[in-house]
Amino acid sequence: MPLSEHEQRLLEQMERALYAEDPKFATALEGAGMRSHTRRRTGWAIAGFVVGLVLLMTGVMLQAVWISVAGFLLMLTGAVLVVTGWRRSPGQAGAEGGQPRGGRAQRQRRTKMMTRIEDRWKRRRDEQA
C-alpha cells in the first residue's frame with residue numbers, strides 16, 4: 001500500500017531532520033541498506049547466470065534449441081542485473097539522489113573546461129607567431 005501525500009511529506013521532513021542533526025549517521029544508514037540490497041540482487045543475478053549456463057549446456061547436449069535459448073536469456077538477464085547493480089552503488093549520484101546525469105553543474109564544468117582548452121590553444125598559437 002503506497003503512502004499518502006501527507007505521510008510522504010512527514011517522512012521527507014523526518015529524513016531532512018535526521019540529515020541536519022547527524023549527516024554521518026544518516027549517510028551510514030542509507031548506504032548500509034543499499035549495499036545489502038545490491039549484494040542480494042547481485043547474488044541472485046550470479047545464481048541465475050550459473051543456472052542459465054547449465055541450461056545452455058544441457059540444451060546443447062540434448063540438442064534442444066529451446067532449452068539453450070532459455071539458458072542464454074537467463075544468462076543475459078543475470079549479467080545485466082549484475083552490471084546495473086554495480087552501476088547503482090550508493091556512492092554514485094543517480095536517480096535515487098544527488099545531481100542527475102547531464103545536470104547544470106556538469107554542463108558548467110564542461111563549459112569551464114572548454115574555455116580553458118581554448119585559452120591554452122590561443123596562448124600556444126600566439127607564442128608560435
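Helix α4, which spans residues 104-128, contains Arg116. In this predicted model, Arg116 has a relative accessibility of 47% and is therefore classed as partly exposed, since that class lies between the buried limit of under 20% and the exposed limit of over 50%. Arg116 also belongs to a patch of positive charge on the surface, where it gathers with Lys112, Arg120, Arg123 and Arg124.

Val65 has a relative accessible area of 60% and so counts as exposed.

Helix α3 also holds Ser68. Is Ser68 buried or exposed? Its relative accessibility is 12%, and Ser68 is therefore buried, because the buried class takes in values under 20%. When neighbours within four places in sequence are left aside, Ser68 is in contact with Leu55, Leu56, Gly59 and Val60.

These details may now be placed in the whole chain. The protein has four helices and zero strands, and its pattern along the sequence reads α-α-α-α. Of the 129 residues, 13% are buried. The accessible surface of the protein amounts to about 11100 Å², and carbon and sulfur atoms account for 62% of that surface.

Key:
Residues numbered from 1 in each chain as written. Predicted model: local features only at pLDDT ≥ 70, side-chain atom pairs only at ≥ 80, totals over all residues. Heavy atoms only, no water. Patch = residues over 30% accessible without salt bridge, like charges linked within 9 Å, V, L, I, M, F, W, Y side chains within 5 Å. Areas by Shrake-Rupley, 256 points an atom, 1.4 Å probe, with all protein chains shown as cover. Salt bridge = Lys/Arg side-chain N within 4 Å of Asp/Glu carboxyl O. Lys, Arg positive; Asp, Glu negative; His and termini not counted. Charge placed at Lys NZ, Arg CZ, Asp CG, Glu CD. Helix = DSSP H or I, 4+ residues; strand = E, 2+ residues; numbered from the N terminus. Buried < 20%, exposed > 50% of the residue type's maximum accessible area, 1.4 Å probe, protein only. Contact = heavy atoms within 4.5 Å.
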